[in-house]
Amino acid sequence: MPSQKKTVYVAMSIDLVHPGHLNIINRASKLGKVVVGLLTDKAIASFKRVPIMEYEDRYKVVSAIKNVSKVVKQTTHDYRPNLRKIKPEFVVHGDDWKQGVQKKIRNDVIRELKKWNGKLIEFPYTKGVSTTKLIETERKIGTTPDIRRKRLLRCLNSRSLTKFIDIHSGLSGLIVEKTRINTEGKIEEFDGMWASSLTNTAVKGKPDIEAVDLTERLQLIHEVLEVTTKPIVFDADTGGKIEHFIFTVRTLERLGVSGVIIEDKTGLKKNSLLGKKVFQKQESIKNFSKKIAAGTKAKTTNEFFVIARIESLILKKSLKDAITRAKAYINAGASAIMIHSINKSPKEIFKFAKIYNNLKNRKPLIVVPTTYNHVKEKEFEKNGINMIIYANHLFRSTYPNMKTTAESILRNKRSKESEKNLMSINEILNLIPGTK
Ligand code: SPV
Ligand code: MG
């Protein structure tokens with residue numbers, strides 16, 4: 001019989017319960033009473049993606065597992081704050097953390113436990129059932145509009161910086177969904193997808209002037225929804241007429257899109273990256289606030305974001321104008337603010353952020369670092385920016401390769417020379433689930 005006085009601490013994310021978790025808990029229970037330190041969304045998001053299940057649901061699941069005596073919150077990836085409070089005789093973990101992202105955490109645990117003669121007990125990791133593998137399974141099963149829609153809010157609440165990147169096809173959606181790298185002790189991936197008007201229209205060979213209507217833009221959304229689970233933010237240009245914008249909000253929200261961004265311009269919309277090179281007119285604060293208010297009223301869930309995009313800096317207006325607009329749009333109900341700039345330096349964006357961050361009813365702040373692309377993500381974080389959008393980079397990476405291949409075939413009168421830059425036919429067959 002194990003001594004019930006002894007405490008065994010097991011930290012877990014329990015995003016998707018699998019037999020590996022149960023093995024660890026069962027083995028831990030042989031050593032004493034099991035206290036599970038359930039990592040919060042924030043703690044998990046500090047080293048990998050935001051979990052699929054929310055904390056409350058994960059709590060319910062782990063509390064119901066046989067042999068779990070107690071569940072406590074672990075608010076950091078670092079175990080030490082909880083260990084200091086609980087002073088367990090044992091910490092139990094799978095032996096998979098000796099390498100990779102968790103190595104440092106493991107060393108800290110060993111050092112901390114030594115202070116009261118506690119021991120780290122490691123059991124062989126149950127192979128083939130990792131959460132990462134289960135996430136792949138989850139992608140195959142799909143998601144629901146309700147779960148997906150909420151993911152932007154959950155990202156903003158748990159990530160220090162939320163990162164989105166453009167989509168222009170189902171395939172680009174798959175890249176955002178699946179691309180994951182291991183770097184600096186963390187698993188890095190994009191949090192979600194930006195349905196850019198620029199890339200959604202350019203891929204059709206059409207200009208970014210609201211000539212491609214919503215029905216056509218939604219085709220991309222349907223394609224992407226079908227093969228991904230990550231959240232989507234839709235670029236709705238000016239939002240069009242207020243009466244039409246209401247339907248846009250309802251449609252996107254119903255589909256499980258997490259938010260819509262509209263820019264405060266009026267008349268024939270031109271892409272912001274053109275700046276003052278073309279005629280672009282900013283909408284009045286009054287009219288744009290009305291549109292934001294109408295969109296906010298039209299939405300039926302709290303988690304759907306109606307985001308106001310400020311074009312003052314694009315149109316060489318003052319910082320003061322941008323701040324006045326931010327205040328007005330938030331008062332009208334905007335769930336977040338995007339401040340756009342095409343300056344090569346981030347200075348004006350950071351100046352804006354400094355004032356904006358002190359607003360009483362501040363909402364999340366989004367930027368689009370296309371021209372100031374030398375700025376590292378850490379710097380945005382330091383300046384209190386909550387989300388960045390890499391607005392066109394996946395699309396822009398497709399075109400140069402296609403052009404090179406076309407030229408190579410023309411030059412060589414055959415395709416052999418272009419092969420070295422192409423993915424193999426086998427890779428395509430393996431890329432798309434269900435092909436074989
Ligand atoms: C887009 O990606 O369509 C945008 C961002 O609206 S920008 O192209 O910079 O205007
Ligand atoms: Mg756009």
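Contact means heavy atoms within 4.5 Å. The exercises below use a predicted model in which local features need pLDDT of at least 70, side-chain atom pairs count only at pLDDT 80 or more, and totals for chains, interfaces and linings use all residues. Residues are numbered from 1 along each chain as its sequence is written, and side-chain values use heavy atoms, with hydrogens and water left out.

**Exercise 1. Describe the buried and exposed residues of helix α14.**

Step 1. In α14 (residues 347-356), I349, F350, F352, A353 and Y356 are buried.

Step 2. Viewed down the axis of α14, these buried residues fall within an arc of 160 degrees, so they line one face of the helix. The arc is that of the directions from the helix axis to the C-beta atoms.

Step 3. K347, K351 and K354 are exposed on the other side of α14.

Step 4. The cover over the buried residues of α14 includes β14, α13, β15 (336-339), β16 (365-367) and α15 (377-382).

**Exercise 2. Compare the span of helix α12 with the expected one, and find what its buried residues pack against.**

Step 1. Helix α12 (residues 285-298) has 14 residues and reaches 20 Å from its first C-alpha to its last. This is close to the 20 Å expected at 1.5 Å a residue; the expected span is 1.5 Å times one less than the number of residues.

Step 2. F288, S289, K291, I292, A294, G295 and A298 are buried in α12.

Step 3. The buried residues of α12 pack against α11 (242-255), β11 (259-263), β14 (305-310) and α13 (319-331).

**Exercise 3. Trace the salt bridges of D108 with R80 and R111.**

Step 1. A salt bridge is a side-chain nitrogen of Lys or Arg within 4 Å of a carboxyl oxygen of Asp or Glu. The structure holds 32 salt bridges.

Step 2. R80 pairs with D108, their closest N and O atoms being 3.5 Å apart. This pair links distant parts of the chain, with R80 in helix α4 (residues 80-86) and D108 in helix α5 (residues 103-114), 28 residues apart.

Step 3. R111 also forms a salt bridge with D108, at 3.4 Å between the closest N and O atoms. R111 and D108 are three residues apart in helix α5, so about one helical turn separates them.

Step 4. With a relative accessible area of 5%, D108 is buried. R80 is partly exposed at 21%, whereas R111 is exposed at 53%.

**Exercise 4. Locate the salt bridge between D191 and R159.**

Step 1. The side chains of D191 and R159 meet at 2.5 Å, N to O.

Step 2. The pair joins distant parts of the chain: D191 is in the loop between β8 (186-188) and β9 (192-195), and R159 is in the loop between α7 (145-158) and β6 (162-166), 32 residues apart.

Step 3. D191 is buried, at 6% relative accessible area, and R159 is buried, at 15%.

Methods. Chains are lettered from A and ligands numbered from 1 in the order in which they are written. Helices (H or I, at least four residues) and strands (E, at least two) are DSSP runs, numbered from the N terminus. Buried means under 20% relative accessible area, exposed over 50%, partly exposed in between (1.4 Å probe, protein chains only).
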